[in-house]
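Please read them with the structure open beside you.

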Amino acid sequence: AGDIGVGGREIGYMYGQYKRLTRSFEGAFTGKDPKWGGSLLRPEATGYGVVYFTGHALRANEGADATMRGKRVVISGAGNVAQHACAKLLELGATVLTLSDSTGYVYAEGGF
């Protein structure tokens with residue numbers, strides 16, 4: 001999947017090379033441009049998936065009624081996955097405290 005500096009064009013190139021080298025069209029390569037079989041929702045999918053997975057883990061540990069509302073969350077990263085996870089967490093009522101990249105982090109005690 002694409003992230004910082006890697007988009008649909010680069011993923012498409014890698015998928016093309018995979019097909020050329022393996023002489024195979026089987027398998028999945030996420031992040032392709034929709035004209036090459038990618039999803040229109042793709043940019044959000046992995047970040048949302050992280051949040052949905054975390055929600056399931058939360059309910060398994062805190063009970064079926066547990067939600068993200070009011071949870072204080074730290075996110076390691078600032079790329080595509082982190083940005084969309086942050087947006088979904090905010091939508092669900094969580095408080096996101098941090099985002100980071102290879103040069104450092106930002107911290108908002110009261111959340112973003």
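**Notes on the predicted model**

1. I begin with helix α3, covering residues 80-91, which lies across β1 and β2 and runs at about 175° to β2. The coordinates come from a predicted model, and every remark below should be read with that in mind. Helix α3 has 12 residues, and the distance from its first C-alpha to its last is 17 Å, close to the 16 Å expected at 1.5 Å a residue.

2. Just after α3 comes G93, which takes a positive phi of about 95°.

3. As for the overall layout, the protein has three helices and three strands, and from the N terminus on its elements follow the order α-α-β-α-β-β. Of the 112 residues in the protein, 28% are buried. Among contacts with a separation of 6 or more, 35% are between residues 24 or more positions apart.

4. The three strands make up an open sheet in the order β1-β2-β3, and the pairing within this sheet is mixed. Strands β1 (72-74) and β3 (104-107) are the edge strands, each of them pairing on one side only. On average, and with direction ignored, neighbouring strands of the sheet are turned by 10° against each other.

5. Strands β1 and β2 run parallel and are joined by three bridges, with R72 standing opposite T95 in β2. Strand β2, residues 95-101, pairs with β3 in the antiparallel sense over four bridges.

6. The pairing of β2 with β3 takes the form of a hairpin, with two residues between the strands. Within that pairing, D101 has G104 in β3 as its bridge partner, while L99 stands opposite V106 in β3. In a regular strand the side chains alternate between the two faces of the sheet.

7. The largest pocket has a volume of about 190 Å³. Its lining consists of 13 residues, and those lying nearest the centre of the pocket are V50, T54, V73, I75 and L89. The elements that give two or more residues to this lining are α2, β1 and α3.

8. A last point concerns S24, which is found in the loop between α1 (8-22) and α2. Leaving aside its neighbours within four places in sequence, S24 is in contact with Y18 and K19.

Note on methods:
Residues numbered from 1 in each chain as written. Predicted model: local features only at pLDDT ≥ 70, side-chain atom pairs only at ≥ 80, totals over all residues. Heavy atoms only, no water. Pairing = 2+ DSSP bridges. Axes fitted to C-alpha atoms, helices over the stretch in contact; angles between N-to-C directions. Contact = heavy atoms within 4.5 Å. Expected span 1.5 Å × (residues − 1). 1 Å grid on protein atoms, 1.4 Å probe; cavity = no way out; pocket = protein on both sides within 12 Å on 5 of 7 lines; lining within 4 Å. Points joined across faces, edges and corners; volume = space filled by probe spheres on them. Buried < 20%, exposed > 50% of the residue type's maximum accessible area, 1.4 Å probe, protein only.
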